[in-house]
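Please read them with the structure open.

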Amino acid sequence: MTEVEPERELYLAVANSVVEDLFAEPVGKLLLKNRRLKLIAFDPKQEVIKQWIVPN
């Protein structure tokens, strides 16, 4: 994707429950702490974005 459209930013979209469960685990906390991932947490039932998690 970076070679074709380098100006685009990629985000991983995951259900809000995944953020609450997986990223509460030690490995998930480490990924968030190190700001390695750009995440969008969404509610699949309501079809709304709950949280943007971006590196600083």
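The points below cover the hairpin, the charged side chains and a surface patch.

1. Ground rules. This is a predicted model: local features need pLDDT of at least 70, side-chain atom pairs count only at pLDDT 80 or more, and totals for chains, interfaces and linings use all residues. Residues are numbered from 1 along each chain as its sequence is written, and side-chain values use heavy atoms, with hydrogens and water left out.

2. Strand 2 (39-43) and strand 3 (48-53) run antiparallel and are joined by 5 bridges. Strands here are DSSP runs of E with at least two residues, and helices are runs of H or I with at least four, both numbered from the N terminus. Two strands pair if DSSP finds at least two bridges between them. Ala 41 has Gln 51 in strand 3 as its bridge partner.

3. The turn. The hairpin has 4 residues between its strands. Glu 47 sits in this loop between strand 2 and strand 3. Its phi is near 55°, a positive value in a residue other than glycine. Glu 47 counts as exposed because its relative accessibility is 71%. The cut-offs are: buried under 20% relative accessible area, exposed over 50%, partly exposed in between (1.4 Å probe, protein chains only).

4. Asp 43. Which side chain of opposite charge is nearest to Asp 43? It is Lys 50, 4.4 Å away. Asp 43 lies in strand 2 and is buried, yet has no salt bridge. A salt bridge needs a side-chain nitrogen of Lys or Arg within 4 Å of a carboxyl oxygen of Asp or Glu. For charge, Lys and Arg count as positive, Asp and Glu as negative; His and the chain ends are not counted. Leaving aside neighbours within four places in sequence, Asp 43 is in contact (heavy atoms within 4.5 Å) with Val 48 and Lys 50.

5. Salt bridges. The whole structure has 2. One joins Glu 5 and Arg 8, at 2.5 Å from N to O. Glu 5 is partly exposed, at 25% relative accessibility. Another joins Lys 38 and Glu 9, with the closest N and O atoms 2.9 Å apart. Lys 38 lies in the loop between helix 2 (26-33) and strand 2, and Glu 9 in the segment before strand 1 (12-15), so the pair ties together parts 29 residues apart in sequence. Lys 38 is partly exposed at 26%, while Glu 9 is exposed at 52%.

6. Surface patch. Tyr 11, Ile 49, Trp 52 and Val 54 form a nonpolar patch on the surface, with about 370 Å² of accessible area together. Areas come from the Shrake-Rupley method with a 1.4 Å probe; for residues, only the protein chains shown count as cover. Patch residues have over 30% relative accessible area and no salt bridge; like charges are joined within 9 Å, nonpolar side chains (Val, Leu, Ile, Met, Phe, Trp, Tyr) within 5 Å. Val 54 follows strand 3 and is partly exposed at 32%.
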